[in-house]
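Here is a friendly walk through a few labels and where they come from. Have a look at the model, then read on.

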Amino acid sequence: MSAERPGLRTSRPARYTLRFLALGYLAVLLLIPLGVILYRTFEPGIGEVWASITTPAAQSAFQLTLLAAGIAVVLNTIFGVLTALVLVRGRFPGRRFLDALVDLPFAVSPIVVGIALILVYGQTGWFGDTLENAGIQIIFSWPGIVLATVFVSLPFVAREVAPVLREIGDDQEQAAATLGASRWQIFWRITMPAIRWGVAYGVVLTTARAIGEFGAVSVVSGHIQGETQTLTLLVEQRFQNFDLAGAYAASAVLAVIALVTLLAMTLLNPRKDET
Amino acid sequence: MINVSNVSKRFGDFQALDDVSLVVPEGSLGALLGPSGSGKSTLLRIIAGLEAPDTGTVAIDGQDSTGVSPQQRNIGFVFQHYAAFKHMTVRDNVAFGLSVRKRPKPEITARVDELLGIVGLSGYQERYPNQLSGGQRQRMALARALAVEPRVLLLDEPFGALDANVRADLRDWLRRLHEKVPVTTLLVTHDQEEAMEITDNIAVMNAGKIEQHGPPRELYDAPANAFVMGFLGPVATLDGALVRPHDLLLTADPREGAVEAQVSRIVHLGFEVRIEAELADGEKVWVQVTRGDAELLEAGEGDIVWIGSDAAAGGTTVPVPEAAPATTEQPAEPAV
């Protein structure tokens, strides 16, 4: 439509300039560094790369990263959908406060999150004695890494789902209620299909954030190779040890996971004409 | 049958309903008519169980339903903006109520096809709501509401989001549908023509109260007060009384009981002609006459005429209230 409006039409050179700027910006910031990493990774040859990403340490890091991301996605999806429902449909005192609280993990630096977790769950922390007596170790162990990952990736699903819920309104849910559907049936047959693209997008963002998290995880990890080292921590360690080829290879794995996630999102992308 | 007894409802400081009682007879088609904010939608939603009254009771078919959830009331509800389930086909939309009741598949299929036939949407089974026009979506919503064989059908401004000509068609259609499927129906509308045209009974609402309840003609001919008179049709003010502009007689010569006025504007609306005139005290009056009468009168703008009530027509008058009624202005152009 806008192309029909003469006032908004941009001249041909202006359009090309805009395109050049947008693509150039992306290239400098994103494509060139990523390309260099991939190039450097495969420079020594595919066999070297394979050997480097299949060492026991790398495999363990890969598994830990997937475990933390998997738990974060499941928990934050359930929590996110519930929170969005409460925030959009609920009317209660303190709703705005909760609304702001959900964004806290965005606002707080990950390193602060890590330190806060140590203060609460660490040996000298609030629950330190209780946990130690029960034989549970959280900090410098995998549960701490999971906690940190869950925390930093918490807002995505809620933030993606809430606007969708607001937009669809509650007419459909009320109609379903008058037709005899229980709350459970309404949620699964009406609400969930209506917000599914928001949930999917939230899951993708949660996954990407969980896999890429470095700061908070670094603080609570303890850097025990083969035990509490995630992929990002492995990259850092190899980099610090001047194992550049190894660092590039592990980075490439991270980049590939990110690309696969993005690709999944593109394939899942809602057909905009549906609504 | 719907029995509403002494229902009140507040939203914060706003008194949405103030001790309202209403009976909708079995099998009838009734309307709640009123301006926005008069409480008509709130009353409908309370009957549906989508809102809870602060005080008072609602009974459906003699059973007290006040504390019953909307799921258990066995009602059909149609929303102004269709509330179509966008991710389901027309078939699945209409089947929804039966499918949550776990009826056998063949029965559901047969019932859906039958209903789509009744609402004129045969052949649209596999479409999605966004592939239907507004009128078709609303007919689908009606079929969906009727599928569960509700005891009462509640329609909240069902034609409010539609174009004027589609609205007129659907009104006729709803009336005929009601004759075919005579389920007790209550319709909320702010359009007096819509209410007059299709319903058996109208409850005129204003500021959370029912001003008058009765058949359309009774309300039109014997309005209980200035509000009802003003809301149901055009009114003019003459001699301290509200009177229908078509009950006024306009003559070129002086006449007993008539007052002198100067024609200020003549509007031709096809068969109907509206003549606006200014009285000696500056007050404006408008008179509705047929085209034939206007031609006989031969009055032009600026001419002096005499206006009085038409004794032969036996018109209705209501004293002008202290506060101005909601509608004393000329109504908008009638929908064609």
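Q: What makes two residues count as being in contact?
A: Their C-beta atoms, placed from the backbone, lie within 7 Å. The contact between the chains takes 16 residues from chain A and 19 residues from chain B. This is a predicted model, where local features need pLDDT of at least 70, side-chain atom pairs count only at pLDDT 80 or more, and totals for chains, interfaces and linings use all residues. Residues are numbered from 1 along each chain as its sequence is written, while chains are lettered from A and ligands numbered from 1 in the order in which they are written.

Q: Which residues of chain B are called buried, and what share do they make up?
A: A buried residue has 20 or more other C-beta atoms within 10 Å of its own, again placed from the backbone. Such residues make up 42% of the 336 residues in chain B.

Q: What makes β2 (14–24) and β5 (63–64) of chain B edge strands?
A: Strands here are DSSP runs of E, at least two residues long, and helices are runs of H or I, at least four, both numbered from the N terminus. Two strands pair if DSSP finds at least two bridges between them. In chain B, four strands form an open antiparallel sheet in the order β2-β1-β4-β5. Both β2(B) and β5(B) pair on one side only, hence the name.

Q: Why do β4 (residues 55–60) and β5 of chain B count as paired?
A: Two bridges join these antiparallel strands, and at least two are needed, so they pair. Across the pairing, B:Ala59 stands opposite B:Asp64.

Definitions and conventions
A residue is buried if 20 or more other C-beta atoms lie within 10 Å of its own, exposed if 12 or fewer, and partly exposed in between; C-beta atoms are placed from the backbone.
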